[in-house]
Amino acid sequence: CTGISPNISLARKSGIQVRKGILISDRMLTSQPNIYAIGECCEHKGATYGLVNPGFEQAAVAAEIIHGSNCHYKGSLNISKLKILDYSVCSVGEVIELGKHPQQHVMTYQRDGSDQYRKLVIKKNRIIGALGVGQWEEFPLIQESLQHERKIWPWQKLLFRFNGELWWPRKQVSAIEWPDDAIICQCNNLSKSTLCNAIKQGCNNPITLQQETGAGTVCGSCQPLLGQLFNAPSFLQKVFAWKTLIIGSLICLFLLSVLITLPAASVSTSVQTKDWYEAIWNSKFWKQTTGFTLLGLTLIGLIMSLRKRLRIQWLGEFGYWRLAHVLLGASCCGVLFLHTGLHLGDHFNRMLMINFLLVLGSGALFGSLMAVAHKIKGDWAQRIKGFGFWLHLIISGPLLVLLITHIVTVYYF
């Protein structure tokens with residue numbers, strides 16, 4: 001909450017120069033010969049570090065210098081990845097007390113209904129700082145981009161504003177597929193290549209890897225990543241009401257199969273006999289009633305799909321909206337039967353009907369995948385979820401335009 005306050009009383013009494021901390025040079029020396037200072041008590045070029053990793057880096061430099069090597073300390077990158085009261089918190093670079101600089105801007109993303117918050121500071125199209133609260137799978141890639149000054153493209157900025165990620169879902173893969181110089185253990189500054197070399201030299205499980213390298217022994221937040229280096233299975237968390245979600249999705253798929261396989265309703269050959277369903281789907285009044293009901297349900301469905309992007313707390317948890325979205329799709333199947341009598345139509349109407357069925361089918365399929373994703377091992381669950389989401393989104397794109405065009409043409413003619 002409040003940072004650190006270096007204990008400098010002993011150094012001041014000894015005549016060693018101090019300011020905020022004990023002043024040190026690039027060779028970790030204080031103002032007195034042969035006296036070194038490292039860690040949170042020291043100040044290097046106006047900076048004090050209240051983190052574990054800079055202390056380890058300073059210790060390594062001091063040990064090399066005492067041993068006779070000609071090396072220098074150039075400062076550390078402020079990187080922290082912690083777990084505080086069950087909240088994952090990560091930070092790197094410049095994120096607070098930002099001055100006004102040309103071509104510098106801040107982007108934030110906050111997922112409503114959760115405690116997830118992400119912040120990027122970008123200067124001249126390159127990341128100079130990042131801050132995250134909640135799980136952020138891309139953070140090691142963010143750090144690697146900052147350290148190597150990689151360019152952030154406009155489409156990545158747009159993607160971040162939309163869903164809090166800089167890369168497409170294919171980038172959210174196991175740590176074994178990360179760049180070699182990506183840092184896995186922040187506390188000990190251990191990169192993927194360092195840990196993989198230790199594995200090649202005989203560390204055959206995460207426990208021995210921790211004992212040999214010290215990875216995961218400080219804050220422990222990188223321990224799941226160590227398992228990924230051994231291709232250990234990982235699982236996603238269960239979504240809200242996953243059993244109800246899969247039941248609703250299967251009901252929707254069943255109703256769709258009925259719509260597709262059953263023969264279309266026939267028109268009576270005599271005015272003296274009229275089936276009940278013909279009075280609904282072949283009546284102008286009921287045609288309009290069921291048609292506008294379908295339009296209303298579709299609009300509600302589109303608004304609900306945007307719920308994930310809105311930041312309005314009183315709208316409730318997103319899990320309830322997702323469940324209602326699937327049940328809404330099942331309702332659309334029933335209304336679609338009453339509106340069309342299982343007729344696919346011709347020309348433009350056939351295009352609309354096929355698109356509607358594809359939207360309902362892809363939505364039901366995506367809902368089923370979401371419900372059972374926690375049972376799928378490895379990164380396949382994330383890949384399948386990403387594929388299902390984008391498939392449903394792309395197919396749903398033309399639906400509203402087709403519906404409005406259908407209504408306009410029907411009333412025009």
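**Loops, cores and helix packing**

Author: Lys124 sits in the loop between β6 (117-123) and β7 (126-133); helices (H or I, at least four residues) and strands (E, at least two) are DSSP runs, numbered from the N terminus. This is a predicted model, where local features need pLDDT of at least 70, side-chain atom pairs count only at pLDDT 80 or more, and totals for chains, interfaces and linings use all residues. Residues are numbered from 1 along each chain as its sequence is written, and side-chain values use heavy atoms, with hydrogens and water left out.

Reader: OK, what's phi of Lys124 near?

Author: Near 55°, a positive value in a residue other than glycine. Lys124 counts as partly exposed, at 48% relative accessibility; buried means under 20% relative accessible area, exposed over 50%, and partly exposed in between (1.4 Å probe, protein chains only).

Reader: And Asn34, where does that lie?

Author: In the loop between β1 (22-23) and β2 (42-43). Phi of Asn34 is near 65°, again a positive value in a residue other than glycine. Asn34 is exposed, with a relative accessible area of 68%.

Reader: Zooming out, how many helices and strands does the protein have?

Author: The protein has 14 helices and nine strands. Buried residues make up 40% of its 413 residues.

Reader: Which residues have the most contacts inside the largest nonpolar core?

Author: Leu259, Leu336, Phe356 and Leu360, in a core of 24 residues. By nonpolar core I mean a set of buried Ala, Val, Leu, Ile, Met, Phe, Trp, Tyr and Cys residues joined through side-chain atoms within 4.5 Å. Two or more residues each come from α8 (242-261), α10 (284-306), α11 (318-340), α12 (347-372) and α14 (399-412), and α12 gives the most, with seven residues. Apart from this core lies another, of 17 residues, among them Cys90, Leu120, Phe160 and Leu166.

Reader: What does Leu360 touch?

Author: Leaving out residues up to four places away in sequence, Leu360 touches Cys252, Leu256, Gly329, Cys332, Cys333 and Leu336. Contact means heavy atoms within 4.5 Å.

Reader: How do α8 and α12 pack?

Author: At an angle of about 150°, with their axes 8 Å apart. Axes are lines fitted to C-alpha atoms, for helices over the stretch in contact, and angles run from 0 to 180 degrees between N-to-C directions. The two helices, α8 and α12, are therefore roughly antiparallel to each other; angles under 35 degrees count as roughly parallel, over 145 as roughly antiparallel, 65 to 115 as roughly perpendicular and the rest as oblique.

Reader: And what residue classes make up the contact of α8 with α12?

Author: By class, 16 nonpolar, four polar and no charged residues. Ala, Val, Leu, Ile, Met, Phe, Trp, Tyr, Cys and Pro count as nonpolar, Asp, Glu, Lys and Arg as charged, and the others, Gly among them, as polar.

Reader: Last one, at what angle do α12 and α14 pack?

Author: About 145°, with their axes 10 Å apart. Phe348, Asn349, Met351, Leu352, Asn355, Phe356 and Val359 in α12 meet Leu399, Leu402, Leu403, Thr405 and His406 in α14.
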